[in-house]
Amino acid sequence: MTDPDGPHRNQTSSARARSGARDGVAAFDDLIDARRRPAVVSGPGYRVSGARHGRGGGQLGLRRLATIVGMTAAVVVVSATSLSAYAAYDVGHGFQQGAVDIGGAGSTDGAFNVLAIGADNDPSQGQAYGDRGATLNDSNVLLHVSADHTQAVAVSFPRDLIVDQPACGDSPAVTNTPLNQAYGRGGMDCVASTIEHVTDMQVPFAAQVSFAGVIRMSDAVGGVPVCVTDAVDDPYTGLQLSAGEHTVSGATALAFLRDRHGVGDGSDLSRISSLQQFLSSLLRKVKSEGTLRDPTELYGLAKAASKNITLSTSLAKPATMVDMARAFDGIGLDHITFVQYPGSVTDPAFPGKVVPDQATAQRLMGAVRADRPFRLDAGATGRGATDATGGGAGGGSATGSSADQKGGASSPERGSGSDVGPSPSATTQQMSGVTGQTARQKTCAVAAG
């Protein structure tokens with residue numbers, strides 16, 4: 001994964017924002033209008049620590065920071081209810097200036113989906129991290145929040161997943177193509193359309209993060225605790241960690257998320273496990289420290305995000321982010337689940353690529369669409385991680401929604417925030433063949449070798 005998205009707002013309008021959803025929308029939308037610029041012009045800034053980190057090898061790319069986009073969006077969102085009017089204008093205006101239209105307005109009423117994209121060789125950072133000749137969506141994480149806002153599932157899609165992709169602008173539809181080529185075919189909109197095609201789910205909201213954004217966001221939260229089973233010394237990323245727990249920020253946080261050769265079996269799939277560990281730890285930290293309710297901390301996060309995350313126009317609205325953050329903040333750690341889209345690397349027709357396990361993928365995405373509760377197999381933490389809590393990956397589950405949804409959709413309409421599906425089952429489904437963890441579960445990266 002490798003790309004951030006951000007937060008907002010301030011205090012003079014917080015009373016109006018708290019008075020109700022409709023009032024809140026009007027108030028925050030007004031703040032973005034330059035004619036309503038608040039008189040308050042002071043507020044905490046943000047700092048950037050950690051040197052930039054260059055590539056160590058041609059095969060290394062920006063990997064798997066995308067989910068931080070979805071999680072950061074959540075962090076950002078809750079901030080809106082606490083920050084001053086100036087912060088709301090300042091950060092909201094920053095997001096809107098670089099927003100990208102992917103079609104549709106989106107809604108947070110009922111279930112909603114946010115796509116986080118980590119772009120390798122992000123155009124906004126020039127050649128600071130090397131020039132690979134094309135921009136690739138190497139990190140793709142779809143965050144789904146249930147209709148009753150009691151659970152969330154973040155699905156990581158391998159960059160080399162072989163999929164069919166729809167037509168994007170002047171680019172015709174293609175078949176059996178690595179997922180990470182979607183961005184080059186049509187930018188953020190094409191990535192969203194491709195994920196919609198693969199999952200049969202609507203993607204009205206999206207965010208894109210860069211290497212620099214990862215550094216700044218990790219600094220803004222004061223570092224993220226991570227764990228490795230043995231010492232890691234990877235010359236490709238420059239990551240050097242002794243065995244045990246560490247709080248990483250800046251360039252070290254970026255190296256941890258990019259590292260492939262130093263963890264697991266050296267594959268890109270192992271890196272997904274590291275991303276899930278990082279994001280789970282990030283969520284535990286911000287929830288336990290009350291970061292989401294501290295105006296000063298939130299403004300720093302929002303500023304860092306607004307300068308380093310590109311949002312879809314549907315998401316770059318203070319009112320939308322406020323509603324989204326409120327929904328996400330109310331979900332317990334046991335009910336936030338990270339999973340990897342099922343696939344195999346053994347198909348001789350596609351050497352070095354990931355071919356979807358269609359049967360398992362259909363079971364997984366069917367449960368996600370319908371908000372049905374599921375449980376992962378014990379120990380199913382993925383190629384690059386091991387359980388550190390003693391409970392195994394089966395120790396938590398994504399718990400189903402209590403609200404009914406309408407019958408299935410095979411051809412979703414872009415722009416509607418909620419998906420449709422059968423009413424949730426009271427029985428928790430065992431999701432065998434799927435790897436991942438809950439946000440409460442503590443895992444350690446398995447050092448290579």
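Modeller: Gladly! Let's begin where helix H6 ends: H6 is followed by Gly222, whose phi is positive, near 80°. Helices (H or I, at least four residues) and strands (E, at least two) are DSSP runs, numbered from the N terminus. This is a predicted model, where local features need pLDDT of at least 70 and side-chain atom pairs count only at pLDDT 80 or more, while totals for chains, interfaces and linings use all residues. Residues are numbered from 1 along each chain as its sequence is written, and side-chain values use heavy atoms, leaving out hydrogens and water.

Biologist: Which residues of H6 are buried?

Modeller: Buried means under 20% relative accessible area, exposed over 50%, and partly exposed in between (1.4 Å probe, protein chains only). In helix H6 (residues 211–220), nine of the 10 residues are buried, so H6 is largely enclosed by the rest of the structure. They are Phe211, Ala212, Gly213, Val214, Ile215, Met217, Ser218, Asp219 and Ala220. For the protein chain of 449 residues, 58% count as buried.

Biologist: Which residues other than glycine have a positive phi?

Modeller: Asn176, which is not a glycine, has a positive phi of about 45°. Asn176 is found in strand S5 (residues 174–178), and with 47% relative accessibility it counts as partly exposed. Asp371 also has a positive phi, near 60°. Asp371 is found in the loop between helix H11 (358–370) and strand S15 (374–375), and is buried, with a relative accessible area of 0%.

Biologist: How are two packed helices described?

Modeller: By the angle between their axes and the distance between the axes. Here, helix H7 (residues 250–258) and helix H8 (residues 268–288) have axes that come within 8 Å and cross at roughly 135°. Axes are lines fitted to C-alpha atoms, for helices over the stretch in contact, and angles run from 0 to 180 degrees between N-to-C directions. That makes H7 oblique to H8, because angles under 35 degrees count as roughly parallel, over 145 as roughly antiparallel, 65 to 115 as roughly perpendicular and the rest as oblique.

Biologist: Which residues make the contact between H7 and H8?

Modeller: On H7 they are Ala253, Phe256, Leu257 and Arg258; on H8 they are Arg271, Ser274, Leu275, Gln277 and Phe278. Contact means heavy atoms within 4.5 Å.

Biologist: And what about sheets: how do strands pair?

Modeller: Strands of a sheet pair through backbone hydrogen bonds, either parallel or antiparallel. In this model, seven strands form an open sheet in the order S11-S6-S1-S2-S3-S12-S19, with mixed pairing. Two strands pair if DSSP finds at least two bridges between them. The edge strands, each pairing on one side only, are strand S11 (309–311) and strand S19 (436–438). From one strand to the next, the twist averages 15°.

Biologist: How many bridges join S1 to S2, and how many join S1 to S6?

Modeller: Nine bridges join S1 to S2, and these two run antiparallel; Ala116 stands opposite Val141 in S2. Five bridges join S1 to S6, which run parallel, and Leu115 stands opposite Ala206 in S6.

Biologist: Is S1 enclosed or exposed?

Modeller: Nine of the nine residues of S1 are buried, so S1 is largely enclosed by the rest of the structure. Phe112, Val114, Ala116, Gly118 and Asp120 point one way from S1, while Asn113, Leu115, Ile117 and Ala119 point the other way.
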